[in-house]
Amino acid sequence: MKKVTKWAVLLWLGVMATAGMQAQSARPPDNNAAAPAAPASAPAPAPAPAANTPPDYVIGSDDQLHITVWKEQELTETLPVRPDGKISMPLLNDVPAAGLTPLQLAASITEKLKKYIADPRVTVVVTAMNSRRVFVTGEVLHTGAINLLPHMTVLQALSNAGFTQFANMKGIYILRTVNGQQQRIPFNYKDVVKGRHPEQNIELKAGDTIVVP
């Protein structure tokens with residue numbers, strides 16, 4: 001009789017355990033349970049600097065700058081340099097930029113931000129050198145402005161312009177303003193390409209105009 005009772009108790013305990021497991025598995029999911037956190041999105045990469053930007057490049061009007069303030073996303077943005085030579089930034093309003101190198105501008109912004117941010121770290125990158133241009137006009141296929149690359153010569157600038165059939169390639173000249181006075185610098189294309197008078201193939205400066213009569 002004792003053995004029967006013992007087996008009955010064990011059977012009852014087994015049935016109750018099975019029922020508990022089934023009830024647990026049938027329980028609806030808890031909608032209030034915290035969902036796994038989504039991975040934080042990585043910050044957008046900074047734009048690449050303009051090609052061939054020299055380290056001592058002087059910022060000018062119409063240049064485009066990307067300014068990064070470390071850990072201050074709302075202050076990180078890409079800005080154009082206005083015709084008055086300034087940029088507009090949150091907190092600082094108008095900041096002079098023209099006439100400075102990127103390192104000098106970064107130091108200036110850093111100093112100004114110290115009033116609002118502890119230990120600001122600023123990086124300035126020139127993404128478009130729009131202020132450094134030369135102009136080609138006259139008997140060429142493509143007139144207008146050309147972005148001035150570092151150490152660009154007259155011959156290099158003319159290589160993209162192309163000549164019309166009426167071009168006087170021996171009478172080309174460069175107009176350059178020095179101390180408020182306009183200079184006329186001759187350039188004989190035919191001589192230069194033949195290796196004669198290489199001194200005429202001068203390095204261009206921002207604002208130069210090449211005239212092909």
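What share of the contacts in the protein chain with a separation of 6 or more comes from residues 24 or more positions apart? In this predicted model, such residues account for 51% of those contacts. The protein chain holds 213 residues, and buried residues make up 31% of them. Four helices and 10 strands were assigned. From the N terminus on, the order of elements is α-β-β-β-β-α-β-β-β-α-β-β-α-β.

The nonpolar cores were examined next. In soluble globular proteins, nonpolar side chains tend to be buried together. The largest nonpolar core of this model has 22 residues. Those with the most contacts inside this core are L65, I67, I87, L105, I109, L113 and V122. Four elements each supply at least two core residues: β1 (64-69), β3 (86-89), α2 (102-113) and β5 (122-128). Helix α2 gives the most, with four residues. A second core is separate and has 20 residues. Among its members are M152, I172, I174 and V212.

L105 shows how the largest core is connected. Neighbours within four places in sequence were left aside. L105 is then in contact with I59, L65, I87, V95, P96, A97, L100 and V124. One of these partners, I59, is also touched by T101. T101 lies in the loop between β4 (93-96) and α2. Is T101 buried or exposed? Its relative accessible area is 15%, so T101 counts as buried, the cut-off being under 20%. Apart from residues up to four places away in sequence, T101 touches D56, Y57 and I59.

Six of the seven residues of β5 are buried. Strands β1 and β5 pair over six bridges, in the antiparallel sense. L65 has V126 as its bridge partner in β5. L65 is also among the residues with the most contacts inside the largest core.

A further group of strands was then traced. Five strands form an open sheet with mixed pairing. Their order is β7-β6-β10-β8-β9. Strands β7 (144-147) and β9 (181-187) are the edges, and each pairs on one side only. On average, neighbouring strands of this sheet are turned by 25° against each other, direction ignored. Within the sheet, β6 (residues 133-138) and β10 (residues 209-212) run parallel and are joined by four bridges. F135 has T209 as its bridge partner in β10.

How many aromatic pairs does a search of the whole structure find? The search finds one. The pair is formed by F163 and Y189. Its geometry is edge-to-face, with 4.9 Å centre to centre and 75° between the planes. The pair links distant parts of the chain, 26 residues apart. F163 sits in the loop between α3 (154-159) and β8 (172-178), whereas Y189 belongs to helix α4 (residues 189-193). The cut-off for buried is under 20%. Another ring carries a charged neighbour. R184 lies over the face of Y173, at 3.7 Å from the ring centre.

Key
Residues are numbered from 1 along each chain as its sequence is written. This is a predicted model: local features need pLDDT of at least 70, side-chain atom pairs count only at pLDDT 80 or more; totals for chains, interfaces and linings use all residues. Side-chain values use heavy atoms; hydrogens and water are left out. Two strands pair if DSSP finds at least two bridges between them. Axes are lines fitted to C-alpha atoms, for helices over the stretch in contact, and angles run from 0 to 180 degrees between N-to-C directions. Rings of Phe, Tyr and Trp (its six-membered ring) pair if their centres lie within 6.5 Å; planes under 30 degrees apart count as stacked, over 60 as edge-to-face and the rest as tilted. A charge sits over a ring if NZ of Lys or CZ of Arg is within 6 Å of the ring centre and within 35 degrees of the ring normal. A nonpolar core is a set of buried Ala, Val, Leu, Ile, Met, Phe, Trp, Tyr and Cys residues joined through side-chain atoms within 4.5 Å. Buried means under 20% relative accessible area, exposed over 50%, partly exposed in between (1.4 Å probe, protein chains only). Contact means heavy atoms within 4.5 Å.
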